[in-house]
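Open the model in your viewer and keep the selection tool at hand.

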Amino acid sequence: MYGRDPQIAALKRLVRDTLKGRGGSIVLDGEHGVGRSAVLEHIRTTSPGLRVVRVAGTGAEQRLPYAALQRVFAALRDHVPRLPPRQRETVEGLMSMGPAPGPRAGHPDALEIGLALLRLLSAAAAEQPLLCLHDDAHLLDQPSREALAIAARRYGDARVACLFTLPSAHCDDCPELASFPRMRLSRLTERDALALLRAHLPAPLDPAVCERVVADAHGNPRALLAVPHALSPTEMASVRPPAREPDGWMPPDWMRDALNGLPDSAYQVLLVAAAEPLGDPVTVLRATEALGLRGAEVAEAESSGLVTFGPGVRFAHPLLRTYVYACASVTRRRLVHGALAGTCDVLRVPEQHAWHLGQAAASFDERVATRLQAAAEHRLTRHETRTAAALLELAALLTADRRRRASRLLAAASAWRRGGGLRHALDLLGHLQLAALPRAERAEATSLHARTRYSVDRDGPAAMALHGAAEHARVHDVRLEGIALLEALSAGVLAGRRLPAPVLRTAAARAYAFATTRETAQETSGDTAARPHEELVSAVAAHTLRGYGPAVQPMRRAVDAYLDAPAHTDLDAVGGWLACHAAIGVWDGAAWRALADRRTAAARRLAVVTALPWGLTHQALADIHHGDLAQARVRVAEAYRINEAIGAVPLDHAALTLAAWSGQRDTVEALASTAAKDAAAREEGLLLTAAECARAVLYNAHGRYGQAFEVCAEAVSLDELAYRNWLLPELVEAAVRTRHQPDALAAAARLEECARLTGSDWARGLHLRARALLSDDDEADGLFRESACALTAAGALLQAGRSHLLWGEWLRRQARMSAARIPLRTAYGIFSRAGAWSFRERCAGELAAAGARAPRPEGGEPAALTAQEQRVARRVARGDTSKEVAAALYLSRRTVDTHLRSIFRKLGISSRRQLRDHAVTLTPQRCAREECFVPLAESP
């Protein structure tokens, strides 16, 4: 909805007026692709309290009388029996629901049908306000459109709103709608178009590329969003269009006809414009003159409507440039690039000059290759990694010297990897296997190949390749040894239980020896400042070899070193994200958040696309820790999009945690099942731990303590970085509830050790809660209070809510009902604001047991009733007895009473009168989490 604030505000006013009993109609028009349907969908999803009837016009039904009206009648079928006999016969006749109509009823006029429709809509609106959406009204059959217009002009005081959408070119084709208020959707401004494009890009793009795409889209959202779907991020970022047609996109009929009708000379003008990436009209026109094309050919190309020569050269669609370039032969492209190289400004755009020279070359040319390499280095200083990669690759192809060619290919592969072109980088590195490289560059190529393969596959063989690369670096180039060891240890951490213990201990021993050697060398040289990755290698090695206690101080030093270093330090290394694990290991939530935010921002700024999914995953986990599940949901979705775009293995760890805290039972089970298969196929044990942790949270939320104990008991024994913090409190609660006292005591002791070694409020709060759960006397009261305060101070809001909930449960079991309501209401508010629905329902049940109704959810979040409960609630709210409800819904009275008890519990009320007065929107679309799958991008 970028740039649509005035229109959305006007439509929202119409919705508000409809809720107050003042219905109305609006016609929304605009050109094709401007977003009319998207606006309707936005209004539909953001208008609680209205029943929605949506009918879209289709060309197949345009000549079938009353085809659209039949769909409206079918959606309101349950209200047809309430119509007066004459109008009921009219509706049933059109729907073919009743007996064959008589002579008069068989041929009702448009006014009679429109009035019958009005009566039906009014009957439905009397029960619940109604929103009628008619998309592409010009494709509705004319009799239906006439009836809809007759009804819409007479809504008056009925609680009915009607929205029609029309393409601007077809407004004259619908005279029935001429009298309704019109609202025009115009093209997006350049600022809004740029924001929309960046929001939908799977990975960051060079600014010049974004500006070019926006200019060619001419403010049309559909044209703008076609680019990310048709081209890969690598193809979008290249300084020339890809030499293939865009996937899934063909020019519209008028564009194709215009292209086919162009003479060859005019098409040559289009090709010159397509090959010039900056849209500079002076360069393009001079190149056409150099090719012998006259002004008449340029005018003919422009008159086709496919290209415009103004302050900039703009195509009619962002993908038309790619299509024109892809359709040309290699010979014609080289000819055009040669002409552009002779006319572009060498001083102003030396990179473009070098690029055109390279594309025009048919053989080796060291002079051009040197200029391309210099241009690439300049682009790297501006963080345009993909453009620099394309320049370096072309420079390598023009290089005859084998060693220099291999060095340039290695630089290109490194740039492609940073920019997200993982598979292309692997292809280039594959060509270097037998290339002549110096020892240092051979070690770099081996390490880069192992790291890129691990990013793509993240499986056991790729992890072993990282261990081999670390050994290779130790022998051939000790400068790379530290990062290589960090990558190998990172792969070991992710492999977890699936990696043979001797392999990980051998790698850790090498890392520990490396760290000791470096420390000795620094003491000898007097330089006491270790680099951050060396501190991190030492910390992870200490944890692997000696356990948690001896590793606390090295982890603290590593976290502080990364906080003090520039944000981009080790950004291109997957192992660099172990710094966030180390921050969790020392129970420092603030440092964890700071590292995740700083490094993700640096990855965006420097266009290190491969680092973004890891940063977004840690940001999402930190958001969950701090109680912001909505923001975590956005980050998880973006991480998935980027991984899919760059061809990397998805990261499910944050998605599992998010689904568990959101109470999405089906989602957790589905993701956990997929994680088990992926962990087995890729030998990635940490993913199994993430799934077990998510299940433990979900089972504890629902009071299924036996299952929670089973799934987390084994994972806790592994003592893995980060997951220790999340699994230990789950094990304590599950073990106490299932009377596994030794396990609960052991977990509490480990929490006590963490609190003592780190001095963290986060660890101390969880340890106090564990002591409170294990306590049998009144000491628990103070322990729960201190736990909630400590966790709140640490920013662990969801865990603070858990402490308040357990505190309230303990007080209620002590028969201290009044005291129990206070922490339970606090917990209910925390979980409501966060969106932790299962824990909120548990709080609501406890509040009801304590003799209090749950507070209204903050933010107006509707109660999550099942579809059947909503039907029961609506009928009871209007005054029906249980017997009447049972007869209407074909249920027994006992079933109706059971549904009522569930409704009262979920809404926090205790009587039918409160249900009638309760301001909760009971809409059929609000299905319960138990009965429907709720995607990660939506709230339940």
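Is R682 buried or exposed? This is a predicted model, and in it R682 has a relative accessible area of 11%. Buried means under 20%, so R682 is buried.

Select R682 and the helix that holds it, helix 34, which covers residues 665-682. Then show what R682 touches: D457, R458, D459, G460, V649 and L687, leaving aside residues up to four places away in sequence.

Now widen the view to the largest nonpolar core, which has 153 residues. L656 is among those with the most contacts inside it, along with L536, W592, W726, W762 and F831. Colour helix 35 (residues 685-701): the largest share of this core, 11 residues, comes from there. A second, separate core has 51 residues; to find it, select V213, L259, A275 and Y323, which it includes.

Last, select helix 6 (residues 110-127) and helix 7 (residues 142-152). Their axes come within 8 Å and cross at roughly 55°, which makes helix 6 oblique to helix 7. The crossing is right-handed. On helix 6, show A110, L111, I113, G114, L115, L117 and L118; on helix 7, show E146, A147, L148, I150 and A151, and the contact between the two is in view. By class, this contact has 10 nonpolar residues, 1 polar and 1 charged.

Definitions and conventions
Residues numbered from 1 in each chain as written. Predicted model: local features only at pLDDT ≥ 70, side-chain atom pairs only at ≥ 80, totals over all residues. Heavy atoms only, no water. Axes fitted to C-alpha atoms, helices over the stretch in contact; angles between N-to-C directions. Helix = DSSP H or I, 4+ residues; strand = E, 2+ residues; numbered from the N terminus. Parallel < 35°, antiparallel > 145°, perpendicular 65-115°, else oblique. Left-handed = near helix turned anticlockwise from the far one by under 90°. Contact = heavy atoms within 4.5 Å. Nonpolar A, V, L, I, M, F, W, Y, C, P; charged D, E, K, R; others polar. Core = buried A, V, L, I, M, F, W, Y, C linked by side-chain atoms within 4.5 Å. Buried < 20%, exposed > 50% of the residue type's maximum accessible area, 1.4 Å probe, protein only.
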